[in-house]
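Here's a quick tour for someone who likes to look before they compute. Have the viewer open and follow along.

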Amino acid sequence: MKKLIAQFMKFGVVGAIAFVIDYGLLALLTEAFGVNYLVSATISFTASVVFNYVASMRYVFTHKEDMSRRREFVIFVVLSVIGLGINNACMWAGVELLGVHYLITKIAATFIVMIWNFVTRKIFLDAGE
């Protein structure tokens, strides 16, 4: 259990940095350049996924020896695309249905996607050593 908690803490640090990238780019694109919040959310989420892959697979999860890096990356991307769908659905629902500001909605969406990411990456990508 201690090992799982330590792993989740590392995941949290990587996730916090990825969140700063995601949130900062979302606000910058939307506020400074007038890009629609859903387009900005997609771009910022994608940028944070690239960082997240490199950091997560280096510092958080143990590489499965019987899985090629290419397959690992494809699985990571597929899980991330599903996470992007969850993110954008939350963003749309929060802003359009509930009338919550997009930057506040993003915080809730990030929490939901974080749970998705940890659980699915743990199941599909972690060797569990």
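## A tyrosine to start from

Tyr-59 has its place in helix H2, which covers residues 37-60. Keep in mind that this is a predicted model. Is Tyr-59 buried or exposed? Its relative accessibility is 52%, so Tyr-59 counts as exposed, given that the cut-off for exposed is over 50%. The side chain of Tyr-59 also makes a polar contact with the side chain of Arg-58, at 3.2 Å. For a sense of scale, take Ile-82: from Tyr-59 to Ile-82 you go 23 residues in sequence, and the C-alpha atoms are 23 Å apart in space.

## The overall fold

Zooming out, the protein's secondary structure comes to four helices and zero strands. Going along the sequence, that reads as α-α-α-α. The radius of gyration is 15 Å, close to the 14 Å that the globule rule gives for 129 residues, so the protein is as compact as a globular protein of that length. If you're setting up a box, the C-alpha atoms fill one of roughly 45 × 30 × 20 Å along the principal axes. As for burial, 37% of the 129 residues count as buried.

## Salt bridges

Side chains of opposite charge can pair when their charged atoms come close.

| Lys-106 | Asp-22 | 2.8 Å |

Start with Lys-106 and Asp-22, whose closest N and O atoms are 2.8 Å apart. This pair links distant parts of the chain, with Lys-106 in helix H4 and Asp-22 in helix H1, 84 residues apart. Lys-106 counts as buried because its relative accessibility is 0%. Asp-22 is buried as well, with a relative accessible area of 5%.

Which of the classes does each partner fall into? Arg-69 is partly exposed, its relative accessible area being 48%, whereas Glu-72 counts as buried at 0% relative accessibility.

Asp-126 is buried, with a relative accessible area of 8%, while Lys-122 is partly exposed at 27%.

## The largest pocket

Rolling a probe the size of a water molecule over the atoms shows where empty space is left. The largest pocket holds about 320 Å³ of space. It is lined by 19 residues, and those closest to its centre are Gly-15, Phe-19, Thr-110, Met-114 and Asn-117. Which helices each supply at least two residues of the lining? Those are helix H1 (2-33), H2 and helix H4 (102-124). Sorted by class, the lining has nine nonpolar, seven polar and three charged residues.

Conventions: Residues are numbered from 1 along each chain as its sequence is written. This is a predicted model: local features need pLDDT of at least 70, side-chain atom pairs count only at pLDDT 80 or more; totals for chains, interfaces and linings use all residues. Side-chain values use heavy atoms; hydrogens and water are left out. Buried means under 20% relative accessible area, exposed over 50%, partly exposed in between (1.4 Å probe, protein chains only). A polar contact is a pair of N or O atoms within 3.5 Å; within protein, one must be able to donate a hydrogen and the other to accept it, and residues adjacent in sequence count only if both atoms are side-chain atoms. On a 1 Å grid over the protein atoms alone, a cavity is a set of points where a 1.4 Å probe fits but cannot get out, and a pocket is an open set with protein on both sides within 12 Å along at least five of seven lines; lining residues have an atom within 4 Å of a point. Grid points are joined across faces, edges and corners, and a volume is the space filled by probe spheres set on the points. Ala, Val, Leu, Ile, Met, Phe, Trp, Tyr, Cys and Pro count as nonpolar, Asp, Glu, Lys and Arg as charged, and the others, Gly among them, as polar. A salt bridge is a side-chain nitrogen of Lys or Arg within 4 Å of a carboxyl oxygen of Asp or Glu. The radius of gyration is taken over C-alpha atoms; the globule rule is 2.2 Å times the number of residues to the power 0.38.
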